[in-house]
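Hi everyone, thanks for making time this morning. I'd like to walk you through a structure with you, so please have it up on your screens.

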Amino acid sequence: MDFRQLRFARVMEFTIQEINNRTDLLQGITLGYQIHDSCSDVQMAIKIAFQFENSFDPIFNESSYCSKSASAAVPAIVGDSASTPSIAMARMIGLFGIPQVSHYATCACLSDKREFSTFFRTVPSDQHQAAALARMVKYFGWTWIGAVRSDTDYGNYGMAAFLKAAQEEGICVEYSEAYYRTQPRSKLERVTNIIRRSTARVIIAFVHTGDLQFLLDELARKPLPPLQWIASSWIMSPEFLKFNICAGTLGFGVPRSVIPGLREFLLYLSPAQALKSSILTEFWESSFSCSLKGRTGVRQCDGSEDIRALQNPYTDTSQLRISNLVYKATYAIARAIQSVICNDTKCDKSIKFSPWQILNQLKTVNFTTKNGYQVNFDSNGDPGALYELINWQFKKDGALDFVPVGYYDSSKPRGQEFRMSSAISWVGGQTEMPVSVCSESCLPGTRKAVQKGRPVCCYDCIPCAEGEISNKTDSLDCVHCPPEFWPNTMQDSCLPKPVEFLSWDDTLAIILTVFSITGAFMSVCVTAVFYRHRTSPIVRANNSELSFLLLFSLTLCFLCSLTFIGQPSEWSCMLRHTVFGITFVLCISCVLGKTIVVLMAFRATLPGSNVMKWFGLPQQRLSVLAFTVIQVIICVLWLKISPPFPLKNLKHHKERIILECGLGSAVGFWAVLGYIGLLAFLCFILAFLARKLPDNFNEAKFITFSMLIFCAVWITFIPAYVSSPGKFTVAVEIFAILASSFGLIICIFAPKCFIIVFRPEQNTKKHLMGKVPSKAL
């Protein structure tokens, strides 16, 4: 016998007795009742439905009495407790318009008013329970679960609703198995073996209590991995508290309640009263293991049995949950009847009414019960969903008990329905929450890649590609950092790229600066030496004016390399290229002038030659000016059309930004270099032709060497400039400037300074004219 179901029936009996004793409800009207046991069987439920239909009498008046012998009218039904029998009954009695109010049939299918137009219930639909369970599972981070259900309407519809809600929450199901208690034992063993072998540590069970009993008995036969059970409506079934494998079970139940006077009613039962009902007789005999009817072979009940000493679901009123739903269902029918036959002042027993009228009134009932609970139905005949989260925890004596640890209210806004209120005891009574995932969470810096042929919850963690990050756990995709940012080592955040340029505090920049200043200082020193000995033959013989101009231009060449150091700006970019181009052209123009002077001087020594008057001092100045002005015009056009500009180079290096000067017009840049190269090549050819002219000190030889070095440096510079990365591009350009400048000053001026300072005896006109033997050198 199911003592809990007996208590439900007795609650309806208690409620009707309470209604009949009230003076403010159905004054003068006495409600009667019939109680049938469907045994949770569909065929029995259909048989009972036929009995209701056949005994239907549309007239309800004071001449009709409810008794075992009378064929009483049935205007409404409370029940059934299970979904499948309720569905069978609703399909039958719905044809006659008899309203049915269930207290425990939770199948979501019963909300379909097209098929079940006369069905109501005071328990929330499994649709709400499924959504609540899915959100709870998601809340605890369980994405890999097992599922088992009763192979009934309740189990199949309930599990279908849960799987749909779970899919929306990103939860994967490793297996989903169905079982019914009348199926072969081999099916039960197969289901339990699947549960044992699974890797999911959380299992949700939409199972009827009768099926769950068989399932737990079979699982308890062999060792079982620790499982976190998630219960449907069986969460409030005390008969399963004896299974320690269910310790820590979680599930949603209707809120606990108090029904004043119910416990006294249930315990007010004597052997004589029990004999009046076959159900109560069976209850008494099974509870006390004695016989009330004098059956042979069984101990006779002697009246010493104390029902208050019993500890079973019938006498346990500490967890009145479903019982309160029976209470509410019975009151709902009574309120509907009152709306039909009563007005504001009195009730009329002679009014004829049909179940259709009761049905219509049930749709509009809205009241508060005597113990303070609201009763109403929505358009589907369902109440609002308000659940307590129940946890099976061990008490001090080692027994399991129901403990509320949270709640779920479907009327709350999305995301606020579920709340925790106290600590949870997990599987086996542990305090640490179990983990149930197919794959461990992907840390920031990685992304999820679904494993082929497996659910989406089973995945590999793939590191983000170069330049991408993921800053959340379990990211589906990595995202590119903005152009001026680059991932950190963990690839979970974007950091500003380091900016690279040849700064003043860079070691390479310091070295180049030292060489640049040294070169400029050398130029100044040579200028000082030449100025001091400006009247000496060696200075005068080598065109002192061009020499001083050349030394000035070399000083500028050394110093212009400093404009390439430091952070590029709009002005520095324009300055560095134009100053470099103009100073070098000035320098090469002076060298070219000196070369032409050498050639012209030796041509002038030939008999009848008058060539020097065509390349005298004014012509030399004019040639230097003309060559330099051409470069100035090229630079002006370059700056006017498309000048150099500061540029953030994001392409050469992915992980850092190179600050450099964009060329603006590439044609302008190569025109400047090309013009310098043209003058240098022309100067080299002329100097090469004059290298063997007779003299003890032929300057053309040194110009040839200097131009050879100059051309070699700048020919090498081009590929090095193109291929050098970042700040080394600027360093190569500075090196080329310094190397070519040092080549010029050393090759052209070092020999002269050596003679002036260390060999003053050779600084004579005779020696320069070759009238002193060369060995004297």
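Let's start with the aromatic rings: searching the whole structure turns up 28 aromatic pairs. Take Y139 and F418: their ring centres are 5.0 Å apart and their planes meet at 80 degrees, so this pair counts as edge-to-face. Y139 belongs to helix α4, residues 126-139, while F418 belongs to strand β13, residues 418-420, and 279 residues separate the two, so the pair links distant parts of the chain. And do keep in mind that what you're looking at is a predicted model.

Is F418 buried or exposed? Its relative accessible area is 10%, and the cut-off for buried is under 20%, so F418 is buried.

Now find W142 and W426. Here the ring centres are 5.7 Å apart with the planes at 85 degrees, so this is an edge-to-face pair. Where do these two tryptophans, W142 and W426, sit along the chain? W142 is in the loop between α4 and β4 (144-150), and W426 is in the loop between β13 and β14 (446-450), so the pair ties together parts 284 residues apart in sequence. Both W142 and W426 are buried.

Ring pairs link Y139, F140, W142, F252, Y387, Y408, F418 and W426 into it.

The charged end of K113 sits over the ring of F120, 5.4 Å from the ring centre. Elsewhere, K448 lies over the face of Y459, and there the distance to the ring centre is 4.7 Å.

Strand β2, residues 100-102, runs parallel to β3 and is joined to it by three bridges. Which strands make up the sheet, and in what order? It is an open sheet of three strands, ordered β1-β2-β3, with parallel pairing. At the edges are β1 (77-78) and β3 (119-121), each of which pairs on one side only.

Last stop, please: helix α20, which covers residues 727-758. Where does this helix, α20, kink? The kink is at F749, shortly before the proline P751, and it is about 45 degrees.

Methods: Residues are numbered from 1 along each chain as its sequence is written. This is a predicted model: local features need pLDDT of at least 70, side-chain atom pairs count only at pLDDT 80 or more; totals for chains, interfaces and linings use all residues. Side-chain values use heavy atoms; hydrogens and water are left out. Two strands pair if DSSP finds at least two bridges between them. Helices (H or I, at least four residues) and strands (E, at least two) are DSSP runs, numbered from the N terminus. Rings of Phe, Tyr and Trp (its six-membered ring) pair if their centres lie within 6.5 Å; planes under 30 degrees apart count as stacked, over 60 as edge-to-face and the rest as tilted. Buried means under 20% relative accessible area, exposed over 50%, partly exposed in between (1.4 Å probe, protein chains only). A charge sits over a ring if NZ of Lys or CZ of Arg is within 6 Å of the ring centre and within 35 degrees of the ring normal. The bend at a residue is the angle between axes fitted to the seven residues ending there and the seven starting there.
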